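Please keep the model open in your viewer and follow the selections in the order given below.

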Amino acid sequence: MLLQMATALLTEAERMSRTDANTCLVKGMLAMAKRLPDAALIQFTNTLRIAPHNVAALLGKARVLYGRRQFQQALAIYQQALVLRPAGKPDPRIGIGMCLYRLGHTEDARRALARAIAVDPAAAAPHLLLATIDLNEIKRKVDPRIRPAVADPAALEVALGEAAGCLQRAMEHLQRAYEVQPNNAAALICLADRLFCKADFGGARRLAERALGTADTMAIQAEAQYQIGRAHHADKQFDLAYEAYQRCLALNERHSLARYGLGQMQLQRTDMSSAEATFQRVLEHHPRCVEVLRALGYLHARLPNTKAKALEYYEREMQVLADEAAEQAKSLGRAAGDVAEWFDDANLFLEAGLLYEGVSAKKARKAYAVAAQVLGRAEGGGGSDAIPELWNNLGALSQLTGEPDEAAAAAYGQATERCTRMLAEVRARTADRKGAHSQRPSNELRRLENTLTSTTYNVARFYEHCGLWERAERLYQDIVARIPAYTDARLRLAYIAFFYRGDSEGALAHIGQAIDADAKRPAGWLMRGSIELHRKNVQVARRAFEHVLKDISKHDVYALCSLGNYYLAAGKSESTRAANEPNTASAAAKKALDLAAQNYKRALEFFDKCLQLDERCAAAAHGAAIAIAERGFAVEARRLFQEVRDAATSGLGPLALCNPASDLVFKTSGLAVAATAGAAPLRLDDMRVGCDVLLWSGVNTAHACVEIGNYRQAILVYEACIKRIQETTATLENAGSAGDADRLI
């Protein structure tokens, strides 16, 4: 209303005289009040054209140029105003000090502001600016992202001493500003900020509310609303914080901190789409802000079908951290080294590791390894006790990525030691409580017990990998004795009973118990089918695989691939029968060939379905290539055999992976799921030879080369396959020694 009246009066004044300096000056001030700096600059320039020594116009023009970050030009105009009116108010020395500070002349800025205080001891603004300079100096001297262990101890001690002096001076200036002007909104906001840093959220909110009542500009009002919002935020009064952040942005839509806080409140309300839009707006202005990148990664990690986007944000954050580490190292004259050596936040790498588990076992292991290094430095090297799941996952991923056995053994040993120690401590605390015998187990106790069970299971798998069957069997038996419903351990006992001890009845008994415990879990039926195939009970095996597809999961890749292999073998059998007929033109031979063609076609259908569900399924691609070769297309089959290597990339196998970034570690009856859904347990004893898809794709490539007459290439491939078999056989012969496994449970 007042602005409208002022506009009307100025219009009338301009009608009377268009060349009056005061009219142009007031129009410029009105434009500033309307937040139209470009229009204000035009009017101030017009005023100075009419009256070159108009100090008010000079100050207005300098203010606009400062807002445009043209600090050198603004400085010259402030100095001109000072020459014209040394004792004028507002004091040009304050503007001079602000420009000098922005230009990097900190000491000159201090002198200008000190002179402003000497001229007018009752001025609060110079004290506030000097306090701000000192607080910024603290951030420059002591970067919280640099670990004290990395920085030079002597230099760090000096920096901490200087920072303490800066903080004392800053508080003295703030106190003085408050004393000379108790209702100065800027002083109240600065004090509110200091109280917030001291965790006095109520005091900070009250001071910010006082500042809101005395503020005379929208910028100061917006900052007061932000201080109120974050005080409510820290007090977990999220609805009040949400409203305060919105009010702040209504006053100043470019307030990035308030917008970031609003995004956090939207996350707390599970309004994911609004939170993403809010964080994206902050990221547009601050593309290297690690907090916003972390928030977006966290958000996408919890949305369906956006895990790749989450990883993209986490990787961007890692890159920003690495760049900052390099810059800090350069400033200190040191080598940058690894990111893990410079930063103490392990959550980034834990979150990224969880997402990498479904993408790349090697990347997941690397992320967890960095998290372990960061946590290992905390609290004198014992900071990672809180998440023994991390070490279990490192052991599992070390096996899956083909790391040396020593790495897996060391990780499993750490997981077992830490988990056992923490369990003893929790049980001791529980026993000390009154009436503990009548209390239900705590969430922490259940988590640790489940983690120890998962780690024990993985150690047993590691023993199998090392050929220590008796040790593995004892661990599985211990798990089953404590938790009869742990079907994965029963299935491993079945595997050892059949493939190591040759006890088929005992193996089937274990499988029967696993199926009785969970009939809808495909792993038991898949192992039953696998064992029946080895026993030559082909039809029984086929029915087991068909049961999985009909009654449990029609998209189970293992069952589909197994049935494809069944029809492939049936087709081969009919082809052999036709070839053995005395008269290849007889009806019996033709019938056998027709049956062979039907079986090969059926096999291709199953393999094709597998590849539709998992385009990187090497076993299905290999089986399809065999079926094509058997039907006489040797050239096409050879090409497919060569492509199998690209499809047979490493992935996560049936090892129990825990979630180190969440207390809700296990999802199924409180137990770790040790096999990935739809996959049968790995057959470790013949995995490297009999079930080595890469090996047998090489053998079949050589066969195909023979069929097309490329004998030289066939010889080379056969020799490479023989060398691989010799190497894996030697490895299996040496696996009976305990080695690093002796250091485990």
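For this tour, a residue is called buried when its relative accessible area is under 20%, exposed when that area is over 50%, and partly exposed in between. The model is a predicted one.

Begin by selecting residues 347-356, helix α18. Of its 10 residues, 8 are buried, so the rest of the structure largely encloses this helix. The buried positions in α18 are Leu348, Phe349, Leu350, Glu351, Ala352, Gly353, Leu355 and Tyr356.

The structure contains 0 disulfides.

Now select Ser504, which belongs to helix α25 (residues 504-517). Its relative accessible area is 17%, so Ser504 is buried. When neighbours within four places in sequence are set aside, Ser504 is in contact with Phe498 and Arg535.

The remaining stops concern backbone geometry. Most residues other than glycine have a negative phi, and most peptide bonds are trans. Select Lys89 and Pro90: the peptide bond joining them is cis, with omega near 0°. Pro90 sits in the loop between α5 (71-84) and α6 (92-102).

Move to Ala199, in the loop between α10 (185-197) and α11 (201-214). Ala199 is not a glycine, and its phi is positive, near 70°. With a relative accessible area of 49%, Ala199 is partly exposed.

Finally, select Lys536, in the loop between α26 (522-534) and α27 (538-552). Lys536 has a positive phi of about 70°, although it is not a glycine. At a relative accessible area of 68%, Lys536 is exposed.

Conventions: Residues numbered from 1 in each chain as written. Predicted model: local features only at pLDDT ≥ 70, side-chain atom pairs only at ≥ 80, totals over all residues. Heavy atoms only, no water. Buried < 20%, exposed > 50% of the residue type's maximum accessible area, 1.4 Å probe, protein only. Helix = DSSP H or I, 4+ residues; strand = E, 2+ residues; numbered from the N terminus. Disulfide = S-S within 2.5 Å. Contact = heavy atoms within 4.5 Å.
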